[in-house]
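Hi everyone, thanks for coming. Please have the chain open on your screens, and let's walk through it together.

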Amino acid sequence: MEFGSFAAHAADVEAADADLEVVDLVADLFAEAGDDLVVVARFVQGRVFPAHSETKLDIGPRLCYEALARAASTNVTADDVESRLAETGDIGEVASALDLGGQAGLGAFGGGNDDDALTVADVYGDLEALAAAAGDGSQDEKVTLLFGLFNDCSGEEARYLARLVLGEMRIGVGEGTVRDAIADAFDVDVEVVKRALQVSNDYGLVAVTARDEGEAGLSAMHLEVGRPVQAMLAQAGTVTDALEEWDEAAVETKYDGARVQVHWDGEDVALYSRNMEDVTDALPELVEFVEEHVEPPVILDGEAVAVDDDGSPLPFQEILKRFRRKHDVAEMRDEIRVRLHAFDCLHARGNDLLEQPFRERHDRLASVVDDESAVSNLLVTDDPEEIADVEADALEAGHEGIMLKDPDAAYTPGDRGKHWLKRKPDVETLDLVVTGAEWGEGRRASFLGTFLLSARDDREDTNGEFATIGKVATGITDAELADLTDLLEPHIRAEDGQEVDIDPAVVFEVGYEEIQASPTYSSGYALRFPRFVSVREDKTPDAADTIERVERLADQQS
Ligand code: ATP
């Protein structure tokens, strides 16, 4: 395909204003691209190499300005290019107005704007050479190569070449457009294209496979150890959301580190960041850990966490000092230790597991890693109290909190769906008076366990009495239960079986997910998922929160 034809299509796409029209135009471009389809499918998104490729273009703005200035037929400097850019804000606009091709005989393909039209393959070949240039003199080599390309460009070609090399294509073609255009151009189901993109993450490869082999070819595409996929992402959500949406929730520690995807084929370990950057060299201890403890071939998803000498997690900033480090890796390794917490398994023993339910992928994960401290601790439950216990343990151990996952959901690369929820921290807490409790059972029989909570009732005709609003039993460790029992026992007014009435004396700070209207308690409200935070030793019951505040908070929620 001639590069001029690519540029003309790009101009049409840029001028189109409806999404459907854009998809149609990109589909036409793909249908005409012939042997250049792989490259065109990337160029149209403003990418030269596949997202996961180690080859990077690395053209700084200055280098581009110099190449443009050199190719201009009038006397223009790189500074002039820069100041014109400051006026227009679009390097494409500046490049197309420069009247390029002044240096006849010096172009990359036989000289200035002569009869040999520039092709997509020419452009790609030169950009590959440019990316490969390294060492002394490589800057000059890069400027010369890019100058040669610009020198062969018409105004329209220069517009899109300049934007391409600076990663600023901006013609409104995102990943979704390319996906839909592949389906349209080659008459294949869009869901099949989507899956092929998820497993390969390579738009060029998927476009060519769709054209040459149709749906059968796309369906046969699979994960490859060594080729990263996009990470599945999480939404903010609550325990209530999780338990309403699914029968049970899978609860895991939320580790406060950096996402890492592990690829291990038995010969090499490769580690990728959330953006699919190769971070292998920065984390040698993870490489060694994987070689020693993980059965290949495998692709794992997890978190790299910085830890102190006792293995306790360090703040997020610490892992950042290690994560993309290129120099002094050995020194920093002694200073900041890093551990792997794997939480998912995408491929094991030759099988892709993306479509398997999460609980099965997690079982597989546990079976391929022989050190369980590197595997996330998973609990599948429908009991909010158990979830709260996991959260309390995670917070106590210094982790960020918990993740809630649909135990039956597939792994969908790149999706931020509702199957993974990062539990939102409580926005507000309430200070509530303990007015009752229940003795525990079994191991906890000698402790008060479930605590009845009340707010001050300052509504008319209530004389500042206390009105019940909920019970809290979660978020409390055994040691805390013993202390709370000691604290409350002197205030017990009456007992009936396991139930006790308690005089208002002790104030708890309590977190919750939501306040609901409810006939269950005398306040007319109930707390969803209440969680013990602390004893407000500095507060007496007359300083506890009022029903009026509860009402206000309930109104704000809606
Ligand atoms: P996001 O990734 O959602 O754009 P973010 O980078 O700020 O936002 P968070 O909001 O903290 O990340 O939450 C999601 C991240 O939590 C994941 O990308 C992952 O790195 C991390 N994480 C820690 N533990 C887990 C776990 N058990 N399961 C999934 N992700 C986890």
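Let's start at Arg-274, which touches Ala-231 and Arg-259, leaving aside residues up to four places away in sequence. Touching, or being in contact, is a matter of two C-beta atoms, placed from the backbone, lying within 7 Å. Arg-274 is found in the loop between strand 4 (269-272) and helix 14 (284-293). Helices here are DSSP runs of H or I with at least four residues, strands are runs of E with at least two, and both are numbered from the N terminus. Is Arg-274 buried, exposed or partly exposed? It counts as partly exposed, because it has 15 C-beta neighbours inside 10 Å. The cut-offs are these: buried takes 20 or more other C-beta atoms within 10 Å of the residue's own, exposed takes 12 or fewer, partly exposed is in between, and the C-beta atoms are placed from the backbone.

Before going on, please keep in mind that this is a predicted model, where local features need pLDDT of at least 70, side-chain atom pairs count only at pLDDT 80 or more, and totals for chains, interfaces and linings use all residues. Residues are numbered from 1 along each chain, as its sequence is written.

Now, the record. UniProt, in an unreviewed entry, places the feature "binding site" at Glu-252, Arg-259, Arg-274, Glu-303, Phe-343, Arg-416 and Lys-422. Its positions are given in the numbering used here, feature names are shortened, and annotations may be inferred rather than shown by experiment.

Which residues come nearest to the ligand? Of the 13 residues around it, they are Glu-252, Tyr-255, Arg-259, Phe-343 and Met-403. A residue is near a molecule or strand if its C-beta atom, placed from the backbone, lies within 6 Å of it. The elements that give two or more residues to this shell are strand 1 (233-237) and strand 2 (249-254). Strand 2 has the largest share, with 3 residues. By class, the shell holds 6 nonpolar, 2 polar and 5 charged residues. Nonpolar here means Ala, Val, Leu, Ile, Met, Phe, Trp, Tyr, Cys and Pro; charged means Asp, Glu, Lys and Arg; the others, Gly among them, are polar.

Let's stay with strand 2, where Glu-252 sits. Glu-252 is buried, because 23 other C-beta atoms lie within 10 Å. Among its contacts, with residues up to four places away in sequence not counted, are Phe-343, Ser-376 and Met-403. Lys-254 lies in strand 2 as well, and the unreviewed UniProt entry places the feature "active site" there. Lys-254 counts as buried, with 22 C-beta neighbours inside 10 Å. It touches residues including His-399, Met-403 and Lys-422, again not counting those up to four places away in sequence.

In what order do its strands run? There are 5 strands in an open sheet, in the order 4-3-5-6-7, and the pairing is antiparallel. Strand 4 and strand 7 (351-352) stand at the edges with a single partner strand each, so one side of each is left without a neighbour in the sheet. Two strands pair if DSSP finds at least two bridges between them. Strand 3 (residues 258-264) and strand 5 (residues 298-307) are joined by 7 bridges and run antiparallel. In that pair, Ala-258 stands opposite Ala-304 in strand 5. In the loop between helix 14 and strand 5 we find Pro-297, and the peptide bond from Pro-296 to Pro-297 is cis, with omega near -10 degrees.

What about a helix? Helix 4 (residues 61-71) is mostly covered, with 9 of its 11 residues buried. Its buried residues include Leu-63, Tyr-65 and Arg-70. Part of the cover comes from helix 5 (78-88), helix 6 (91-96), helix 8 (138-151) and helix 9 (155-165). In the loop between helix 3 (37-43) and helix 4 sits Asp-58, which has a positive phi of about 55 degrees although it is not a glycine. Asp-58 is exposed, with 12 other C-beta atoms within 10 Å.

Last, the overall layout. The domain assignment, which is automatic or from a database, gives domain 1 (47-165), domain 2 (235-423) and domain 3 (429-557). The C-alpha centres of domain 1 and domain 2 lie 43 Å apart.
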